[in-house]
Amino acid sequence: TRTGAETVREWVKTCEMVNLIGATVDDARDIMIEGESGILAICPDDERPIYRKNESKLLWPNGAVSLVFTADAPERLRGKQHMRLWADEMASWRYGEAWDQAKFGLRLGAHPRAVITTTPRPVKNITDLVKDRATVVTRGTTYDNRANLAATFFDEIVKRYEGTRLGRQELNAEILLDVLGALW
């Protein structure tokens with residue numbers, strides 16, 4: 001989340017239209033915008049946007065605008081345009097076509113691009129993105145973030161799932177393409 005928020009903060013300095021898509025409307029608001037690593041928390045006062053919840057948008061001090069969407073309503077992305085786009089937790093989106101609609105709108109500016117922040121799961125959108133030569137994959141593990149996490153989290157959760165299939169996905173950021181129980 002912090003990576004996505006910081007990326008948006010940098011992008012709005014040179015792009016007037018940087019949009020956001022959360023898995024749900026609550027996720028977009030509670031995590032991407034108002035969360036402890038979200039946009040409002042990481043921006044210094046002179047860069048902090050005004051959040052208009054009822055209009056689902058952020059108004060940045062320099063005039064840039066960020067529209068806020070939910071992947072739960074892919075049809076609302078129809079016709080919307082983006083210069084840049086932050087898509088959060090794409091692996092948990094209920095409707096894969098939300099990414100298709102978002103990509104149709106990623107058409108403004110000299111170099112439209114997106115940042116996708118997600119815990120990896122082997123869903124079609126994620127596996128397709130990883131295979132795409134234009135995609136740059138950056139991974140971070142729970143261990144990389146240890147300084148920001150409670151010691152009890154490591155004592156209870158990490159130790160419990162270390163070395164397990166779920167731990168590989170959730171702690172090590174692996175996309176598990178192997179089929180559980182398969183012999184070959």
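1. Ground rules. The model is predicted, so local features need pLDDT of at least 70 and side-chain atom pairs count only at pLDDT 80 or more, while totals for chains, interfaces and linings use all residues. Residues are numbered from 1 along each chain as its sequence is written, and side-chain values use heavy atoms, with hydrogens and water left out.

2. Strand 1. This strand covers residues 18-22. Helices (H or I, at least four residues) and strands (E, at least two) are DSSP runs, numbered from the N terminus. Five of the five residues of strand 1 are buried, so the strand is largely enclosed by the rest of the structure. Buried means under 20% relative accessible area, exposed over 50%, and partly exposed in between (1.4 Å probe, protein chains only). In a regular strand the side chains alternate between the two faces of the sheet. Here both faces are covered. Val18, Leu20 and Gly22 are buried on one side, Asn19 and Ile21 on the other.

3. Partners of strand 1. Two strands pair if DSSP finds at least two bridges between them. Strand 1 runs parallel to strand 5 (residues 84-88), with four bridges. It also pairs with strand 4 in the parallel sense, over three bridges. Ile21 has a bridge partner in each: Ala87 in strand 5 and Phe69 in strand 4. Gly22 stands opposite Thr70 of strand 4.

4. The hairpin. Strand 3 (residues 57-59) and strand 4 run antiparallel, joined by three bridges. Leu58 has Ser66 as its bridge partner in strand 4. The two strands form a hairpin with five residues between them. In the turn, Gly63 has a positive phi of about 100°.

5. Ser66. Which strand holds this residue? Ser66 belongs to strand 4, residues 65-70. Its relative accessible area is 0%, so Ser66 is buried. A polar atom of the Ser66 side chain lies 2.5 Å from the backbone oxygen of Val18. The side chain also makes a polar contact with the side chain of Trp60, at 2.9 Å. A polar contact is a pair of N or O atoms within 3.5 Å; within protein, one must be able to donate a hydrogen and the other to accept it, and residues adjacent in sequence count only if both atoms are side-chain atoms. Setting aside neighbours within four places in sequence, Ser66 is in contact (heavy atoms within 4.5 Å) with Val12, Val18, Asn19, Leu20, Ser56, Lys57, Leu58 and Trp60.

6. Cysteines. How many disulfides are there? The count is zero, with a disulfide taken as a pair of cysteine sulfur atoms within 2.5 Å. Cys15 is in no disulfide, and the nearest cysteine sulfur, that of Cys43, is 15 Å away. For Cys43, the closest cysteine sulfur is that of Cys15, too far for a bond. Cys15 is buried at a relative accessible area of 6%. Cys43 is buried too, at 2%.

7. Aromatic pairs. A pair of aromatic rings is described by the distance of the centres and the angle of the planes. Rings of Phe, Tyr and Trp (its six-membered ring) pair if their centres lie within 6.5 Å; planes under 30 degrees apart count as stacked, over 60 as edge-to-face and the rest as tilted. The count comes to two aromatic pairs. Tyr143 and Phe154 have ring centres 6.0 Å apart and planes at 65°, so this pair is edge-to-face. Tyr143 lies in the loop between helix 5 (124-131) and helix 6 (151-161), and Phe154 in helix 6, so the pair ties together parts eleven residues apart in sequence. The rings of Phe153 and Phe154 are also edge-to-face, with centres 6.1 Å apart and planes at 80°. Tyr143, Phe153 and Phe154 form one aromatic cluster. Phe154 is buried at 4% relative accessibility. Tyr143 is partly exposed at 30%, and Phe153 is partly exposed at 30%.

8. Charges over rings. A charge sits over a ring if NZ of Lys or CZ of Arg is within 6 Å of the ring centre and within 35 degrees of the ring normal. The charged end of Arg146 sits over the ring of Phe154, 4.0 Å from its centre. The charged end of Arg84 sits over the ring of Trp11, 5.6 Å from its centre.
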